[in-house]
Amino acid sequence: MAQWLSLYLVGCHDPPVLAPTWAIHVYTHREVHGTVGSQVTLACSFWSSEWISDDISITWLFQPESGKDTISIFHFVKGQPYVDEVGAFKNRMEWVGDPHRKDGSIIIRNLDYTDNGTFTCDVKNPPDIGGKSSQVTLYVFEKVPTRYGVVLGAVIGGVLGLVIIVVVIGYLIRYCWLRRQATLQRQLSAMEKGKLQRSAKDSSKRGRQPPVLYAMLDHSRSTKSASEKKSKGGLGESRKDKK
């Protein structure tokens, strides 16, 4: 009994096994382009293994392009958004996210060159508080430049279009050539058929000529024999007259 009790006491002092935790994942674009006076949306989405709790917090930080210090410009805590009302983004920022849809996006209006820099989105959803934040770089231009991907896509599209045109032209040329060959073949076949028909007619005419020749020969022979008989009859009568 004492042995079982000692084993029970040892088991009670074993360290508890903790459930595994998953790191929260935050996603933003790499970079966003805007023009002076326009507005941009800084999109931020996240994935958490836990249900969205009432203690979820979303924070946006900003580091200017020409500075080293990072400042906090937005907070979402206890279901309430808190926008910067004293800094460089005063009256220019709007909360458009929805934590229940795992969206922590904000909008910045009336862009200026001083807005160039790196924005960081950080999300905590207790007890899921691990993981890394995500950064997006904002570039403000007087005129939005054409992106390299757009140029490359246009070039690839133009090349593909040219290839399609060449293939279609080649197909049409081949189709016309085959049609021409078929027409010539039909014409040659018709000519050969005509030649055969003419040769058949000529052979039939040649087969009909010998009877005509034979009839002419028979007629000439009969005429010749008749003339010979007449000549013989005339000679006999002349002889009788002489006697």
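Here, partly exposed means a relative accessible area between the buried limit (under 20%) and the exposed one (over 50%). All views come from a predicted model.

**View 1. Arg109 and Glu94 in a salt bridge.** Glu94 has a relative accessible area of 29%, so this residue is partly exposed. The N to O distance here is 2.2 Å. Glu94 belongs to strand S8, while Arg109 is in the loop between S9 and S10, so the bridge ties together parts 15 residues apart in sequence.

**View 2. Arg92 meets Asp115.** This salt bridge spans 2.9 Å, N to O. Arg92 comes from the loop between S7 and strand S8 (93–95), and Asp115 from the loop between strand S9 (106–108) and S10, so parts 23 residues apart in sequence are tied together. Both residues are buried.

**View 3. Asp55 and Lys78 bridged at 2.7 Å.** Asp55 sits in the loop between strand S4 (45–47) and S5, and Lys78 in the loop between strand S6 (71–77) and strand S7 (80–83). Lys78 is exposed at 60%, whereas Asp55 is partly exposed at 43%.

**View 4. A ring cluster of Phe62, Phe89 and Phe119.** Zoom in on Phe62 and Phe119: ring centres are 4.5 Å apart and the planes make 35 degrees, so this pair is tilted. Phe62 is in strand S5 (residues 57–64) and Phe119 in strand S10 (residues 117–124), so the contact joins parts 57 residues apart in sequence. Both are buried.

**View 5. Tyr139 stacked with Phe141.** The centres lie 6.3 Å apart, with 25 degrees between the planes. Tyr139 is partly exposed at 30%, and Phe141 is partly exposed at 28%.

Technical notes
Residues numbered from 1 in each chain as written. Predicted model: local features only at pLDDT ≥ 70, side-chain atom pairs only at ≥ 80, totals over all residues. Heavy atoms only, no water. Phe/Tyr/Trp six-rings, centres within 6.5 Å; stacked < 30°, edge-to-face > 60°. Helix = DSSP H or I, 4+ residues; strand = E, 2+ residues; numbered from the N terminus. Buried < 20%, exposed > 50% of the residue type's maximum accessible area, 1.4 Å probe, protein only. Salt bridge = Lys/Arg side-chain N within 4 Å of Asp/Glu carboxyl O.
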